[in-house]
Amino acid sequence: MSVLLSCRAPTRLRFAATLLASATIFNAHAAAPEHETHEDHAGPHFTLTEALQRAEARHPLFASWRARDSAAEARGVQAGLRPAPELGLTIENVFGSGESSAYSGAETTLSFSQLIERGGLRDRRVDTAGAERELLTTEGEIARLDLRAEIARRFVHVLSDQAQLGITHEATELAQGTLAEVERRVNAARSPLAERSRAQVTLERARLDEEHAEHELLSSRRHLAAATGSTEADFGEAEGDLLALPPVATFEVLLTQMQATPDVLRFASQARVRESELRLAQARRTPGLRVGAGVRRLEARDDFGLVFEASLPLFGASSERGNVLEAEARLAQVGPEREQAMLKAQAQLYDVYQELNHARVEVESQRERVVPAIEDALKQTQIAYDRGRYSLLELRDAQTEWAAQRRRLIQAAAEFHGHLIEIQRLTGAPAPNRVSHE
């Protein structure tokens with residue numbers, strides 16, 4: 001790979017990020033360009049696995065979902081509680097007129113009552129709370145997959161920027177070498193002064209490109225740090241191999257894998273929640289029975305008596321009819337929503353799959369034919385220029401095209417891995433738990 005990624009310049013570039021379609025996303029071994037930027041990149045190389053582990057430990061998303069899960073667990077506990085008994089005190093026939101004046105004719109009742117839930121209402125509440133927690137867990141897994149995919153995309157971006165910086169550094173070295181050669185020719189009266197000015201302009205542009213690449217790398221590192229839950233890019237150079245293109249399963253296999261993703265399983269969880277809500281609404285149609293007993297004191301006769309009471313709401317089924325109909329409609333809504341989401345996801349998967357295949361073809365074409373050809377053309381142009389057969393303009397064009405094709409190779413490789421990350425996200429592929437080193 002070093003033959004493809006370096007021409008005449010002594011600097012060698014190894015760079016980043018291969019994604020595996022199976023259990024691993026990245027198969028890593030590479031170093032970033034030997035070039036200093038304004039940010040300290042000292043320290044061991046930074047792998048995707050380390051980035052994901054850092055996110056698990058630092059990113060507020062995970063703490064937030066743990067808190068939400070605790071809240072859902074608490075709702076389940078609350079749903080399982082029985083109605084609390086009630087203690088009542090009633091005073092009648094006081095502060096009136098005649099025999100009911102003051103407190104002489106008062107009747108005081110101390111009672112104890114309890115609501116008895118019927119129709120399995122408590123069990124239905126518990127079932128609904130459990131289904132809601134299960135749905136929350138699925139949604140948490142979806143958020144986790146989204147974050148891990150974002151980290152992978154940011155990681156690829158860093159690797160791409162590292163490679164682009166290396167290319168611009170080599171282009172600067174080429175421009176410096178060309179300027180030195182032109183100055184020797186001008187001093188020997190073999191070239192006009194205008195060529196030295198042109199070579200100086202080319203070198204200045206190359207330096208500006210290199211400075212811009214430095215800034216791009218600093219920004220992408222900061223974005224990667226933010227995705228892992230850090231405010232500073234306090235890690236070393238990213239490690240991986242962008243030019244390693246792993247095989248990808250057929251579209252039919254990917255469609256099958258999509259059926260078991262958290263995005264699809266969420267609809268199954270939603271269906272269970274809606275079914276639980278419907279059963280809960282149906283259970284509420286059976287009203288609860290309130291029973292009680294107490295002691296009554298009659299002040300006028302200085303007597304005591306027992307009091308018993310029972311109450312049952314009327315027309316309980318009719319009052320819950322709207323809630324039952326709403327629950328039925330919400331349950332019927334889940335199926336069509338799942339079909340709609342699957343149609344959209346399948347179309348998206350097909351688009352990304354086609355783009356992935358196109359990116360693979362372009363990477364292989366650039367790597368195996370275009371870049372070697374442009375490197376050979378630059379070498380021959382340099383030889384012809386040294387012999388006075390080509391002009392400085394032709395040499396500059398060859399150098400510019402050489403750098404452009406190498407940049408395009410890196411860009412196409414980054415696009416391939418970006419599409420692969422999206423496919424893995426759509427099919428729910430797991431993130432790596434280790435990184436292979438060659």
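**View 1. The largest nonpolar core of this predicted model has 68 residues.** Within this core, I151, F155, L224, L349, W402 and I423 have the most contacts. At least two core residues come from each of α2 (48-58), α4 (121-187), α5 (193-227), α6 (251-258), α9 (321-386) and α10 (392-427). The most is given by α4, with 17 residues. A nonpolar core is a set of buried Ala, Val, Leu, Ile, Met, Phe, Trp, Tyr and Cys residues joined through side-chain atoms within 4.5 Å. Buried means under 20% relative accessible area, exposed over 50% and partly exposed in between, with a 1.4 Å probe and protein chains only. This is a predicted model, in which local features need pLDDT of at least 70 and side-chain atom pairs count only at pLDDT 80 or more, while totals for chains, interfaces and linings use all residues. Residues are numbered from 1 along each chain as its sequence is written, and side-chain values use heavy atoms, with hydrogens and water left out.

**View 2. The protein has 10 helices and four strands.** Along the sequence they follow the pattern α-α-α-β-β-α-α-α-α-β-β-α-α-α. Helices (H or I, at least four residues) and strands (E, at least two) are DSSP runs, numbered from the N terminus. Of the 438 residues, 43% count as buried. Among contacts between residues at least 6 apart in sequence, 80% join residues at least 24 apart. Contact means heavy atoms within 4.5 Å.

**View 3. Helices α2 and α4 cross at roughly 140 degrees.** Their axes come within 10 Å. Axes are lines fitted to C-alpha atoms, for helices over the stretch in contact, and angles run from 0 to 180 degrees between N-to-C directions. The two helices, α2 and α4, are therefore oblique to each other. Angles under 35 degrees count as roughly parallel, over 145 as roughly antiparallel, 65 to 115 as roughly perpendicular and the rest as oblique. On the α2 side the contact is made by L48, A51, L52, A55 and E56, and on the α4 side by R144, R148, I151, A152 and F155. Leaving aside residues up to four places away in sequence, I151 touches L48, A51, L52, A55, L224, A227 and T228.

**View 4. Four strands form an open sheet in the order β1-β2-β3-β4.** The pairing is antiparallel. The edge strands, β1 and β4 (303-311), each pair on one side only. On average, neighbouring strands of this sheet are turned by 20 degrees against each other, direction ignored. Two strands pair if DSSP finds at least two bridges between them. Seven bridges join β1 (residues 86-92) to β2 (residues 107-116), and E86 has S113 as its bridge partner in β2. Between β2 and β3 (residues 289-298) there are 10 bridges, and L110 is partnered by V295 in β3. Nine bridges pair β3 with β4, where the bridge partner of R296 is G305.

**View 5. S111 is found in strand β2.** Is this residue, S111, buried or exposed? At 18% relative accessibility, S111 counts as buried. S111 touches E86, L87, G88, A293 and G294, not counting residues up to four places away in sequence. S111 and E86 are 25 residues apart in sequence, and their C-alpha atoms are 8.3 Å apart in space.
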